[in-house]
Amino acid sequence: MANKPTVNLGILGLGVVGQGVLKHLNRNRKILESRLGVRLKVSKIAVRNKRLKRNVKVNPKLLTEDGFEVVNDPSIQVVCELIGGTTLAKQLTLQALKNGKIVVTANKALLCEHGNQVIRAAKRSEGHIFFEASVAGGIPIIKSIREGLVANRFPGIHGILNGTCNYILTRMQAEGKPFGEILSEAKALGYAEADESLDVDGIDAAHKAGILAYLAHGKWIPMNKMLIEGIREITTSDILAADAMGYRIKHLASVVSDAKKNTLFVGVYPALIPKSHILGRVDDVYNAVCVSGDVVGSTIHIGRGAGQDATASAVISDIADAVFTTQGAGLMNLIDEKNDPLTSTLEELQIASMEEVKSSFYLRLSVIDQPGVLSKVTALMAKEKISIARVVQQLDSKPSNKKVKAAAVLTLTTHQCSESAIERAVRSLKRSSPVLSKPFLLRIAHFND
Ligand code: HSE
């Protein structure tokens, strides 16, 4: 640790996103510094009001009410612009770039409306600007398009880019509550922008679509050349009617190019999407982006599109890129064997024992169909303290043992139990006389969110 270089960070803005970034920088500092090969020091934070109470621990000596103190501080290498808007944020970003800083920003309005100017300023000073958090919250879509899919042309990008709209539409669908009531809840959860109209009138999604269009086609499309519609006029009866016809109503963003005509369409609008399409099944605050590339085909990217933690994850990924840039290296260059985050973390980790690994299971058994068989099977499961969730019995028309008069296929699902308990139960079942062939076991996947 002693000989790691220090990278000094300055933060502009300590609102929902700024506090999230500080919280997670502090929480994951050890692993992050190990992965990046540097010490990360937040050395100045600009806020509107120093006395405001915040939900994150912060040394008051770091606070200033003058953002220029941050961007003009020669010791700061990386500036995170998290104040939003296009006035002060623009002045501070341009000044930081002029001073040769690397800027990390979540500000989609600034990029979409002044992208040309900002990127030109970055190029002029040989500076860098990273903006992963500006589109689709926690989904690394900028990196995906810019790096992972660099081999492609992009005939079509379609996505759900506004988490607040998706949250509202999902809850209207599920609960039949009106638009206004759910909007207030979205605000309380920190999903919506301070000015709600940015979300529900489509402006926020248009900013994001503009950034995707730039990444995919190298051109900033002015907002007045985009189709921009919001969701205010959608009623629960529209949602029900669409449902009856097999659709979900989603707020969709499209960036579509026609190579023959050499045209590009950028629009955001509420659309009926077939329930069978993956975008029709992306709910709540989740965003999804379907990127079609002429080389790769279709790719789909899904994740939380709004909220403090998802956005902080994207900002911190940009801080990491900024750090690599300051060190003139990529991730692999910085890792030496003694300091490999993967091996050093693994040393501290214990491998989970099978007793601790829990899952629910699907179990298929072929059994003799006669009184008392089901109770024998469930008794064996009960002995291992396995609780059964469902049982379905069907006729087994092709039992493996031809001498059996009547056979049945039993399919059981269990509540969560340990791998070793189900293994023991399966072993006992295999030996049990009414069971005709080897039990067939599958795990039922559980996702944490
Ligand atoms: N308010 C935005 C949304 C999150 O609802 O998607 C930040 O981009």
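Helix H6 (141–148) and H12 each contribute at least two residues to the lining of the largest cavity (helices being DSSP runs of H or I of at least four residues, strands runs of E of at least two, numbered from the N terminus). The model is predicted, so that local features need pLDDT of at least 70 and side-chain atom pairs pLDDT 80 or more, whereas totals for chains, interfaces and linings use all residues. Residues are numbered from 1 along each chain as its sequence is written, and side-chain values use heavy atoms, without hydrogens and water.

Two cavities of 30 Å³ or more were counted (on a 1 Å grid over the protein atoms alone, a cavity is a set of points where a 1.4 Å probe fits but cannot get out, a pocket an open set with protein on both sides within 12 Å along at least five of seven lines, and lining residues have an atom within 4 Å of a point). The largest has a volume of about 60 Å³ (the space filled by probe spheres set on points joined across faces, edges and corners). Its lining comprises Phe130, Phe131, Glu132, Ile142, Lys143, Arg146, Glu147, Asp318 and Asp321, with H6 giving the largest share, four residues.

The largest pocket has a volume of about 1,300 Å³. Among its 49 lining residues, Val17, Leu82, Ile83, Gly84 and Glu193 lie nearest the centre. H10 supplies the largest share of this lining, three residues.
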